[in-house]
Amino acid sequence: MNQNQSYKPTEAELEILQVLWQNGPSTVRFVHDVLSETKDAGYTTTLKLMQIMAEKGILEADKSSKSHIFKSLMSEESTQQRLLDRFLDTTFRGSASKLVMQALGSQHTSKEEIDEIRNLLDKLEGGNK
């Protein structure tokens, strides 16, 4: 899985990965049904994409039963970190503070969210207050 250390999934691949991360190993039918709740996707398109992802080493297919069960070979956390790093670099020239300022300034932030952010900052600074 070393090839996946720097792999950045496409939007369609990420949608499939999110279903698998949330629900665990699943059939193509299950993944397709979940995706169909929010977008118009054909079953054969989902199947083909998942087969390609398996060929790329992103998914692994258990073919021991009639319905193949696919699981992700990429961890959710490491994938999120790679995507965030790419987004931060390309959108905010690597500045985490610009990202946070934009996110907080563009919508209403609840007191609970601000408290959560404050706690995180305290932990990052080593304060653990």
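The model is predicted, so local features need pLDDT of at least 70 and side-chain atom pairs count only at pLDDT 80 or more, while totals for chains, interfaces and linings use all residues. Residues are numbered from 1 along each chain as its sequence is written, and side-chain values use heavy atoms, with hydrogens and water left out.

Helices are DSSP runs of H or I with at least four residues, numbered from the N terminus. Two packed helices are described by the angle between their axes and the distance between the axes. Axes are lines fitted to C-alpha atoms, for helices over the stretch in contact, and angles run from 0 to 180 degrees between N-to-C directions.

Helix H1 spans residues 11-23, and helix H2 spans residues 28-36. Their axes come within 10 Å and cross at roughly 110°. That makes H1 roughly perpendicular to H2 (angles of 65 to 115 degrees count as roughly perpendicular). The crossing is right-handed, a term for a near helix turned clockwise from the far one by less than a right angle. On the H1 side, the contact involves Glu-15, Ile-16, Val-19, Leu-20 and Asn-23. They meet Phe-30, Val-31, Val-34 and Leu-35 in H2. By class, the contact of H1 with H2 holds 7 nonpolar, 1 polar and 1 charged residues. Here Ala, Val, Leu, Ile, Met, Phe, Trp, Tyr, Cys and Pro count as nonpolar, Asp, Glu, Lys and Arg as charged, and the others, Gly among them, as polar. Contact means heavy atoms within 4.5 Å.

Helix H4 (residues 76-92) packs against helix H5 (residues 96-105). The angle is about 85°, and the axes are 9 Å apart. H4 and H5 are therefore roughly perpendicular to each other. Leu-84, Phe-87, Leu-88 and Phe-92 in H4 meet Ala-96, Lys-98, Leu-99 and Gln-102 in H5. This contact divides into 6 nonpolar, 1 polar and 1 charged residues.

The structure holds 1 aromatic pair. The ring centres of Phe-87 and Phe-92 lie 5.7 Å apart and the planes stand at 70°, so the pair is edge-to-face. Rings of Phe, Tyr and Trp (its six-membered ring) pair if their centres lie within 6.5 Å, and planes over 60 degrees apart count as edge-to-face. Phe-87 is partly exposed at 39% relative accessible area, whereas Phe-92 is buried at 12%. Buried means under 20% relative accessible area, exposed over 50%, and partly exposed in between (1.4 Å probe, protein chains only).

Two further buried residues were examined. Glu-13 is in helix H1 and has 1% relative accessibility. Beyond its neighbours within four places in sequence, Glu-13 is in contact with Tyr-7, Leu-49, Met-53, Lys-56 and Ile-58. Pro-9 is in the segment before H1 and is buried at 5%. Pro-9 and Arg-86 are 77 residues apart in sequence and 12 Å apart in space, C-alpha to C-alpha.

Ala-54 lies in helix H3 (residues 43-56). At 26% relative accessibility, Ala-54 is partly exposed. Apart from neighbours within four places in sequence, Ala-54 is in contact with Leu-59 and Phe-70. Ala-54 and Phe-70 are 16 residues apart in sequence and 8.3 Å apart, C-alpha to C-alpha.

Notes:
Helix = DSSP H or I, 4+ residues; strand = E, 2+ residues; numbered from the N terminus. Parallel < 35°, antiparallel > 145°, perpendicular 65-115°, else oblique. Phe/Tyr/Trp six-rings, centres within 6.5 Å; stacked < 30°, edge-to-face > 60°.
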